[in-house]
Amino acid sequence: MVRFWGKGIYMCANLWIIGNGFDIAHGLSTKYNDFKDFLNEYNPDLKNVLEDGCNDSDLLWSRFEEALGYLDYDYLLDVYRDEVDIGLDSPGLCAHNMIQTIVDIRRTLESLPDALNEWIGTIDVTDIDQLPLINTYMTDSDNFFINFNYTNTLECVYDIDYTHIYYIHGSQYHEDSLVLGHAGPVYPSNYEEVNGELIYSPSEQAAIDFSMDELIELDDAKDYIREMLRKDSHESLRNLYQFLDRHGSQINRIVSFGFSYGDADMIYIKSIINYFNNKPNFEWLLHDRNSSGQEKTISKLISNGFSGRVNLFY
């Protein structure tokens, strides 16, 4: 397909941004609430630990990756603080019990990647019908895909060549390591940058009888959990740029379907915007029937520097 923009002639290809709403629209049970149901059977300890760290279960399972950055288990340590206050335990034993509690939580959370793999393996994409709307925008143009899903719906249902797809979070079907996590800060929360150096500030200020080693060990145990659950985007970004360098010269339009533009993934969207922003007559198509969702997404695109046209399709 050739498109004419004024006096110029450009080859037209679509870059699709595919999110979980794409699989859901095909009738697949890929919501994180479905993952919760899976954990009820497969790993209830993991489910309980995840919910123990979030005071809003609905938030946890509706905005899972974002919520991973806010898991907080500090309240579980209050029982040990209380025992010191009333003289039942020494500060040293209190510190030991606190650290062990956090370590036990960490060990349970370390099973999250395996649980995710097991869950994705239960999702069956055979006998799924194509959506006519998708085919409408695939017809008569080349199509490339940045797929934020772990499933191989594009390959199995639409017969898309694997080389035209970048699974930005990995694909179990191609034996990738699956990427999952929040987009929080890089360095621990108990360190402040002062004149280019990270200065330690203990969280247990009230526990004045703790040794400095105990304070550091406790805070490091807490921060290890947050860092363990943080998404490492560096390799994904490097692979994204390689994918865009291979195919980007053909692309004049982005078609977004089922993608939520959540904070954990905006680093990728900003990179895509920067890559294409100097192309003339570049278009960004959004599939979103919710008017408030449309406005929020468009605002995010603009605030991240997109200067082309944004249109909607249904």
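## The chain as a whole

A contact here means heavy atoms within 4.5 Å. Among contacts in this chain between residues at least 6 apart in sequence, 71% join residues at least 24 apart. The model is a predicted one: local features need pLDDT of at least 70, side-chain atom pairs count only at pLDDT 80 or more, and totals for chains, interfaces and linings use all residues. Residues are numbered from 1 along each chain as its sequence is written, and side-chain values use heavy atoms, with hydrogens and water left out.

The chain holds 14 helices and 10 strands, taken as DSSP runs (helices H or I, at least four residues; strands E, at least two) and numbered from the N terminus. Of its 314 residues, 46% are buried, where buried means under 20% relative accessible area, exposed over 50%, and partly exposed in between (1.4 Å probe, protein chains only).

Let's start with β3, residues 13-18, where six of six residues are buried. In a regular strand the side chains alternate between the two faces of the sheet. Here both faces are covered, with Ala13, Leu15 and Ile17 buried on one side and Asn14, Trp16 and Ile18 buried on the other.

Which strands pair with β3? Two strands count as paired if DSSP finds at least two bridges between them. Strand β4 (residues 142-147) runs parallel to β3 and is joined to it by six bridges; Ile18 has Asn147 as its bridge partner there. Strand β8 (residues 251-257) also pairs with β3 in the parallel sense, over six bridges, and in β8 the partner of Leu15 is Ile254.

## Two helices to look at

Helix α8 spans residues 112-120, and its buried residues include Leu112, Ala115, Leu116, Trp119 and Ile120. These residues lie on the same side of α8 because they cover an arc of only 130 degrees around the axis, the arc being that of the directions from the helix axis to the C-beta atoms. The buried residues of α8 pack against α2 (32-42), α3 (44-52), α5 (64-68) and α7 (91-109).

In helix α10 (residues 153-158) you will find Val157, which is buried with a relative accessible area of 10%. Leaving aside residues up to four places away in sequence, Val157 touches Val125, Ile128, Asp129 and Gln130. Val125 is 32 residues from Val157 in sequence, yet the two are 7.4 Å apart in space, C-alpha to C-alpha.

## The largest pocket

Pockets are found on a 1 Å grid over the protein atoms alone: a cavity is a set of points where a 1.4 Å probe fits but cannot get out, a pocket is an open set with protein on both sides within 12 Å along at least five of seven lines, and lining residues have an atom within 4 Å of a point. The largest pocket has about 1300 Å³ of space, a volume being the space filled by probe spheres set on grid points that are joined across faces, edges and corners.

Its lining has 43 residues, with Asn20, Ser62, Gly258, Phe259 and Ser260 nearest the centre. Helix α1 gives the largest share of this lining, six residues. The lining divides into 15 nonpolar, 17 polar and 11 charged residues, counting Ala, Val, Leu, Ile, Met, Phe, Trp, Tyr, Cys and Pro as nonpolar, Asp, Glu, Lys and Arg as charged, and the others, Gly among them, as polar.

## The second largest pocket

About 650 Å³ of space lies in the second largest pocket. It is lined by 30 residues, and His169, Ser177, Leu178, Val179 and Ser236 are the closest to its centre. Elements giving two or more residues to this lining are α8, β5 (165-167) and α12 (234-247). The largest share, six residues, comes from α12.
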